[in-house]
Amino acid sequence: MVPMIEKAQIMDEDGMRRALTRIAHEIIEKNKGVDNICLVGIRTRGIPLAERLVKKVLEIEGKSIPIGVIDITLYRDDLTTLSYHPVLHNTDLPIDITGKTVVLVDDVLYTGRTTRAALDAIFDIGRPASIQLAVLVDRGHRELPIRPDYVGKNVPSSRKEIVAVHVKETDGEDKVIINENTDATL
Amino acid sequence: MFKRKDLLGLAELTPEEINFILDTARPMKQIILRDIKKVPTLRGKSVVNLFYEPSTRTRTSFELAAKYMSADSVNIAASTSSVVKGESLTDTGITLTSMGCDIVVIRHRESGAPAFLARNIPARVINAGDGTHEHPTQALLDLFTMREKKGGIKGLTVTILGDILFSRVARSNIWGLTKLGAKVRVCGPTTLMPRQIEELGVEVYHNIDEALKDADVINVLRIQLERQDKGYFPTTREYSRLFGLTKERLEKAKPDVLVLHPGPMNRGIEIAPEVADGLHSAINEQVTNGVAVRMALLYLLTGGGAIGEAVN
């Protein structure tokens with residue numbers, strides 16, 4: 001286990017709720033409605049966030065949008081450097097995404113490598129009209145030319161830090177915290 | 001986590017490892033069922049199918065599994081290779097390793113040949129059937145199909161029907177099923193029943209009607225026709241009459257019974273055509289599941305490079 005200390009809390013439950021409400025509004029505004037939209041949560045924390053966005057859009061527009069789940073494990077670029085291959089989960093897209101506007105939802109945007117993997121995974125499943133990216137936290141340090149369309153909060157961070165999003169569904173409470181990695185070798 | 005170098009049989013696996021392989025096969029099946037059947041995961045890896053016995057189904061299944069995962073695959077049939085010039089198994093294995101092969105899938109008529117090869121080469125070895133010992137990937141796809149159709153293995157009554165003596169499929173199934181908590185019955189002619197098979201934790205039947213009573217799953221084994229010449233049973237007609245799975249006999253089992261067959265089938269001998277093509281049969285789906293299970297194994301066995309865990 002990597003030694004870790006909790007450094008700061010950067011979002012609480014209210015902060016997360018407000019950020020997601022704003023993102024929901026922005027998705028509707030940018031796409032002039034939600035008729036052709038499908039939300040796709042990236043495992044693991046992207047799923048509850050996508051579910052909340054769907055609820056918010058329903059409250060605002062009175063329309064239910066389809067939601068899917070994507071597991072990007074098989075598309076990762078670091079599989080050869082991991083000691084053991086990670087556990088695989090299902091990818092579930094309830095509708096044909098060809099011709100749709102897909103909004104990818106993830107908790108933290110960092111190097112952009114997860115997003116790259118998700119884009120490749122999406123194109124092996126169908127040919128969407130366009131793909132947009134919604135993240136709760138953008139912490140910078142991109143290693144690929146990828147930028148989000150919707151951001152909950154920009155958090156300048158150091159590479160030594162780990163930004164952790166906690167959600168009620170899996171972690172018991174809603175918050176975003178920064179942990180410092182105290183391992184001197186990094 | 002799956003930490004083994006090789007997959008040689010189900011006898012050596014823990015229930016947790018078996019379930020982990022089956023869990024990994026589920027997302028793999030999704031890939032087979034979509035339009036673009038390809039993921040980039042095993043780019044740059046190579047898989048050699050080294051078959052010392054004839055096979056269409058298993059070899060093609062492994063070959064497609066490797067291709068769907070973007071690995072390169074090569075097939076070697078022993079009859080057209082340097083084996084006929086007298087090359088030893090180890091030398092063949094070392095030659096393949098020197099060419100950069102990452103995984104060797106081997107089928108051999110001698111029990112224990114895959115284990116022997118695994119000890120002697122650094123490449124990972126998957127047993128695709130060795131003698132009368134084990135055929136682990138067939139048993140894993142049978143378990144996968146049962147789990148998918150029945151929701152779980154624990155508590156199921158599974159009848160394995162046919163040639164138990166020479167069947168590596170039967171042995172691997174018995175190991176896997178008993179480890180996952182199923183009740184296993186074996187049924188076949190006395191001549192084709194190994195002595196002391198009870199010690200593996202199965203019930204032995206020689207009357208098919210008793211063996212099928214209230215069964216949840218019937219796994220029908222292929223009767224190898226060449227056995228008749230050696231005197232293990234008098235005629236295929238008699239075998240069919242005493243041990244063939246017919247529509248009438250199927251009614252002895254539970255109403256939602258699942259019928260499996262590892263193929264290739266002798267229609268009208270061990271299984272009636274209307275049962276093979278009937279509502280209870282999952283025989284074609286077994287073939288799909290076979291590719292998924294083999295993809296899962298290729299994925300799990302090629303894990304392992306430098307130490308490091310993913311963060312963010």
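Q: Where is H141(A) found?
A: Keep in mind that we're looking at a predicted model. Phi of H141(A) is near 65°, which is positive although the residue isn't glycine. Its relative accessible area is 26%, so H141(A) counts as partly exposed. As for its place, H141(A) sits in the loop between β5 and β6 of chain A.

Q: K32(A) has a positive phi as well; is K32(A) buried or exposed?
A: Phi of K32(A) is near 50°, again in a residue other than glycine. The residue belongs to the loop between α1 and β2 of chain A. Exposed takes over 50% relative accessible area. K32(A) has 77%, so the label is exposed.

Q: What is the strand order in the open sheet of chain A?
A: This sheet has 5 strands, and the pairing is parallel. β3 (67-70) and β6 (150-154) of chain A each have a single partner strand, so they stand at the edges with one side lacking a neighbour in the sheet. From one strand to the next, the twist averages 25°. Reading across, you get β3-β2-β4-β5-β6.

Q: What angle does helix α3 of chain A make with β4(A)?
A: Two helices are worth a look here. Helix α1 (residues 13-30) of chain A lies across β2, β4, β5 and β6 of chain A, at about 150° to β6(A). Helix α3 (residues 113-125) of chain A also packs on the sheet, touching β2, β3, β4 and β5 of chain A. Its direction relative to that of β4(A) comes out at about 155°.

Q: What is omega for the cis peptide bond between G263(B) and P264(B)?
A: In chain A, a cis bond joins R43(A) and T44(A), with omega about 5°, and T44(A) lies in the loop between β2 and α2 of chain A. In chain B, P264(B) is in the loop between β9 and α11. Going from G263(B) to P264(B), omega is near -10°.

Q: Is N266(B) buried or exposed?
A: N266(B) is in the loop between β9 and α11 of chain B. Leaving out residues up to four places away in sequence, N266(B) touches R222(B), I223(B), L225(B) and I271(B). The cut-off for buried is under 20%. With a relative accessible area of 13%, N266(B) is buried.

Q: How many charged residues are in the lining of the second largest pocket?
A: This pocket holds about 670 Å³ of space. Its lining has 24 residues, and R107(B), R168(B), R222(B), Q224(B) and G263(B) lie nearest the centre. α2 and α6 of chain B are the elements that give two or more residues to it. By class, the lining has 6 nonpolar and 10 polar residues, and the charged count is 8.

Q: Which element gives the most to the lining of the largest cavity?
A: The largest cavity has about 100 Å³ of space. It is lined by 13 residues, and the closest to its centre are R57(B), Q138(B), L141(B), P262(B) and V287(B). At least two lining residues come from each of α2, α5 and α12 of chain B. With 5 residues, the top contributor is α12(B).

Q: How many charged residues line the second largest cavity?
A: This cavity has a volume of about 30 Å³. Its lining includes L20(A), L49(A), V105(A) and D106(A), and β5(A) gives the most, with 3 residues. By class there are 8 nonpolar and no polar residues, leaving a charged count of 1.

Definitions and conventions. Residues are numbered from 1 along each chain as its sequence is written. Chains are lettered from A and ligands numbered from 1 in the order in which they are written. This is a predicted model: local features need pLDDT of at least 70, side-chain atom pairs count only at pLDDT 80 or more; totals for chains, interfaces and linings use all residues. Side-chain values use heavy atoms; hydrogens and water are left out. Two strands pair if DSSP finds at least two bridges between them. Helices (H or I, at least four residues) and strands (E, at least two) are DSSP runs, numbered from the N terminus. Axes are lines fitted to C-alpha atoms, for helices over the stretch in contact, and angles run from 0 to 180 degrees between N-to-C directions. Contact means heavy atoms within 4.5 Å. Buried means under 20% relative accessible area, exposed over 50%, partly exposed in between (1.4 Å probe, protein chains only). On a 1 Å grid over the protein atoms alone, a cavity is a set of points where a 1.4 Å probe fits but cannot get out, and a pocket is an open set with protein on both sides within 12 Å along at least five of seven lines; lining residues have an atom within 4 Å of a point. Grid points are joined across faces, edges and corners, and a volume is the space filled by probe spheres set on the points. Ala, Val, Leu, Ile, Met, Phe, Trp, Tyr, Cys and Pro count as nonpolar, Asp, Glu, Lys and Arg as charged, and the others, Gly among them, as polar.
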